[in-house]
Amino acid sequence: MEKSVATLDKGTICSSWNYCYQRLATGSIDGMLAIFDSYDPDSSVFNCSSRTKVHKGIIVKVVWVPPEFGDAVACICSDGALSLWEEVSEDGHSVQWKLCKCFQSKSGRVLDIQFGLSSTSLKLVAAYSDGYIKVYELQDPLELKNWQLQADFQNVIDSVSKFGKVSCSSASVSWIPQRCERQQLSFVLGYNSDAPQLNSSKVWEFDQAHQRWLPVAELALPSGNADQVYAVAWAPNIGRPYEIIAVATQKGLAIWHVGLHPDADGRLSVEVAALLSGHGGEVWQMEWDMSGMTLATTGSDGLVRLWQSNLNGVWHQQAAFQPTSL
Amino acid sequence: MTTKWCFQSTPKALTPHFALHSPAKMLEPVPDTDDALPLVPLSQEPVAYPLHHSLSHPVSRVSLCWSRGNSLRVSLFCQEPPESAIEATTALTTEDDGSGGVVVELSMSNGSSEIDDAEWRRIAYGSVAPFALLQNRKNSAVALSKLPIASLSNVEWWEYVMDYSKEINSLLVNSKLHPSSMIDDPRKIMKVIKEPTCLKAAWELWGIFYADKQHQAWLPECLVDWLADYDCLFSQTHPTVHSKLVDLQHDLVNLQTIEDNPKYWEGISSALAVGWLDIVVKLLHLHGCNQLDQIGSREVEKGLVDAVVFLVSKMPRLRSESVGGRLGECYKSRQDFNMAREKWRAKLTKLDCSGFWIQCGHQPTRDGLKNLLLIMLGDIDSLSASTCHWMEFYISHFLHMRPFTVGLESMYSLAQQCIQLKPVTHRHTLMGLLVGILGENTEVVLAECFKAFGPWMVAHSIELLSAGGEQSETILHQKRHNLGGISIEELHRIVYAQVLASHALTWQLAPIYLVSCEKQGMDLLEILLYRQPVQHNQGLLKILEYGRLYELGSVSSKIMMIAGIHHWKHGRKGSGIYWLQQAQDEVRLNKIALQLFDFVGKTVSSESFKQWEGLIELLGSDTKTAGGLEFLRKYRDFKKSLQQIPDGKVNDTARQAVESLMKLMKNPSTPQRFWLPLLYDSLKLLTWPEHPLLNVSETNLLLNKLQELSMAKLRPDYIDADLPPQALSSVRLALAKILDVLFSRSDNPFMQFRSKEAQTAGKSRLKKCHECPQLPHNTWKGPSICTKVVDI
């Protein structure tokens, strides 16, 4: 049964729910960041509680900072600007959203970001339009303004080759969902660009001993490592002996099984569990449910599709939903 | 795994209820995919369900997010129409809805639509205790016997399963006492005592086949009773004996001579075919020949009717006991039943061959009664004609044709024959379920159950199924790589837990099911607890209680840390520190301590003492920030004593303040940036009007500190305190004056003594200080202060 839980402002083009699904942040074409709250924790009706002008341009993506670091969002704007905004109350004043950090880059626009949480720190991976990935680390867990650039590399397996002038139209990042304290810090990232080597989704893992990021797996179909990647999503793992990562390319939705333990070369085993016809075009978003069993996707056909594996491990579309006006 | 059955999803395109993880889908035949990738083409996709929204403009973009459990929140963003279009639309509709999008929550958790949400919640809450009790019993039994569950086939264990089955069954009663049950109306042949649901019918079916081992020998009779209770449910989709009798009851009011009406005889024969003997007898009593005014003229007719009534009433039944005073002679043992049935059949045959039939002048009565005899003698054509759908036909077999059908295999083949003889256009859920059970196909049974009744039913009925036999038990408990290493049983518990988790009023029940999951339950429970809102203390405490109960210390710490940071950042600093301390988050507490340092450093001279005093108190002894917090506490003590000093009057407080000051200045953990503020704050002590409160060595120490500070000022990392520009010179002047006074008062024996002491400070002199006979006891209170000062 569907029910409406919030009505969005005019010009809203992106939205994001916080970790406990009690707050909604939306971004609009006039650069407004709107926050929706419910007054009762048990209620499922959300109303706008604050509007803040964060940019003169269009906000294309809003991402919540993990709750261990406060109520804060990162806003990516259409011109590639990236800023962090935090809800704080200072000196007894009422709460307000304040700018705490602007990430400046001369080389490229920010296309996508995601926050990754380790036992000790908060990391931010940003994919830039020049094909570079930048990993920032928060210096002070109480202050979201102090970030240090930890790494800066291109999304290629061979670290020697560099691509000078590339044009990336979109990128997608997904961290390994946090499971336990000792878990390796990893993320998967894919590009939609004119450079085939950059495109394919790679799993990057932080090498603690040498303090560097290493590509440990490449999720590319044998026939098409040049496929432009629309979206990636790392499934929560509540006890599987392998990881599941969904990668959406122009060929469709690929469900990858990735091994947990690296081989002698430090690589993780990968296997395509399924290749599913997606949305007949661009895939806008992919989201796994909390058990990592159901994948929800949406794309250029405007449909919401749900995907599951059956008892035999065969993936199939479980349902599709067509937005329909009453 | 081989699957004979392939059930496509019911085309419920417009039903709002949609169940995830449908095992019906899971049972679809698998193509040979050893080498090729299984590409699922779009042409095979099922119908898209409509996702209703209230937007008037077309949707340009969709964004989605899973909420707790398996609720999906979908943001629909409107296409911004061109200005001209807006004007035109506004002109036409005179108002624009003004929204740029809407967020719709899709709840994909409900099972059967026959039960509303509130009723589901009642059932969900009610089923927790029996489920938990059974799990406990199972765990203790396993722990004691160290054997797998399958080995626990003792009587006690069956009693546990039976208890569980009954407990759950009692929850599913939707009893509504019908007024008719209060009045014994002779013309009321159908009593509605409760409103049966398919859910309850299905649960009882499970109970009959899997849980109730006591009645296994009388299984066909159990099915007869089951159909008597639930035949009405089939009326929604099929003509049934029940609906036929309900129609007849409506007609009874208007019929004068009912025995002339074919419906009357049809109703009796149908009721007899499915074994509703009470109704048969009741209807036969309504026969006109029983009317007082007609007894004389219709003697033969009445004799025949009474004979049939007698035979119906005495029909032998292979069952333990008569339920609710139902008619028929019950026999527990097959042998007794056999003998009684032979005798009874002999009576039937005798009546059938009786000459009275020729004497009976009323044709419909003669034909009707004859037909009843045929039914009781097991005539297949009569049974087929008297029953409406294959299940009724099937049940009639047990009563009148094959009372000894035993074993699921023969029951299954009989069911198949009945399906072929009386096919149905639309297969009712319960029919599919029965066929699945009879076919001993665990997957099909689960699939049917899931499709019709949703995750609750499957999660709970698996307990019965796994108790039903080794084969089922193996299928249900086998770890499957394709499911990420979990069993079907665990999968369904997880799925049900997610359903519970998706609603604010039921998420608290989810942990009970998750902890019963051997492999993946605890991880999911951690995620579930982590994703609860913690801004309100009441909710937070509840989550922490769960964390404590299930020994999830790490997630509790995370939750308390989240709460701590939330409060800290939202101006509730005390609550923030409290929860961070509870979380034992040293990193953040140390950062807070450093922030306090900065804060104190800036406002040391202001009167904002109270603001941070409480925080220091809170940070207290638990925090292991070496030196830092120690300094803050000493500073607090000093500040307190400073505030308590009365103007110009020497007392213990003033001396304690001096003592605190000196402790602070000597302590290496006191940050340098606090030196000047401390001294500037202490100007009152340094410029004490009557006597200097410091001795020479103390004054010298402070002057040295000032000198050090002047040197430090030249370094780039020096942090300037927020003090007036003359602060340093004021302090230096005050200290100089003290020295001046101290040396000029050398006539004071105590000062002479102290001066000496100062030059050769050491603990060995302390004793002398105490022993000094010249020390006045009424001024300066020398020994005590001296002791303390020197002791430092």
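The model is predicted. Chain B holds 36 helices and seven strands, and 52% of its 792 residues are buried.

**Chain B overall**

- The secondary structure of chain B consists of 36 helices and seven strands.
- Among contacts in chain B between residues at least 6 apart in sequence, 66% join residues at least 24 apart.

**Nonpolar cores**

- The largest nonpolar core has 223 residues, and Phe209(B), Leu284(B) and Tyr394(B) touch the most other members.
- With residues up to four places away in sequence set aside, Leu284(B) touches Tyr264(B), Trp265(B), Ile268(B), Asn290(B), Val305(B), Val308(B), Val309(B), Leu369(B) and Leu372(B).
- Another core, of 23 residues, lies apart from the largest one; its members include Val125(A), Val135(A), Phe187(A) and Trp213(A).

- Two packed helices are described by the angle between their axes and the distance between the axes.

**Helix pair H10(B) and H11(B)**

- H10 (residues 299–313) and H11 (residues 334–352) of chain B pack at about 165 degrees, with their axes 11 Å apart.
- H10(B) and H11(B) are therefore roughly antiparallel to each other, and their crossing is left-handed.
- H10(B) contributes Leu304(B), Ala307(B), Val308(B), Phe310(B) and Leu311(B) to the contact, and H11(B) contributes Trp344(B), Lys347(B), Leu348(B) and Leu351(B).
- The residues of the contact of H10(B) with H11(B) comprise eight nonpolar, no polar and one charged.
- Val308(B) of H10(B), listed in that contact, is also among the residues touched by Leu284(B).

- Most residues other than glycine have a negative phi.
- Tyr21(A) has a positive phi, near 60 degrees, and sits in the loop between strand S2 (12–17) and strand S3 (23–28) of chain A.
- Tyr21(A) is buried, its relative accessible area being 6%.
- Gln584(B) has a positive phi, near 55 degrees, and lies in the loop between helix H25 (573–582) and helix H26 (586–603) of chain B.
- Gln584(B) is exposed, with a relative accessible area of 64%.

- His570(B) is located in the loop between helix H24 (553–569) and H25 of chain B.
- The relative accessible area of His570(B) is 9%, so this residue is buried.
- Leaving aside neighbours within four places in sequence, the contacts of His570(B) are Asp71(A), Glu87(A), Ser89(A) and Val95(A).

Notes: Residues numbered from 1 in each chain as written. Chains lettered and ligands numbered in written order. Predicted model: local features only at pLDDT ≥ 70, side-chain atom pairs only at ≥ 80, totals over all residues. Heavy atoms only, no water. Axes fitted to C-alpha atoms, helices over the stretch in contact; angles between N-to-C directions. Helix = DSSP H or I, 4+ residues; strand = E, 2+ residues; numbered from the N terminus. Parallel < 35°, antiparallel > 145°, perpendicular 65-115°, else oblique. Left-handed = near helix turned anticlockwise from the far one by under 90°. Contact = heavy atoms within 4.5 Å. Nonpolar A, V, L, I, M, F, W, Y, C, P; charged D, E, K, R; others polar. Core = buried A, V, L, I, M, F, W, Y, C linked by side-chain atoms within 4.5 Å. Buried < 20%, exposed > 50% of the residue type's maximum accessible area, 1.4 Å probe, protein only.
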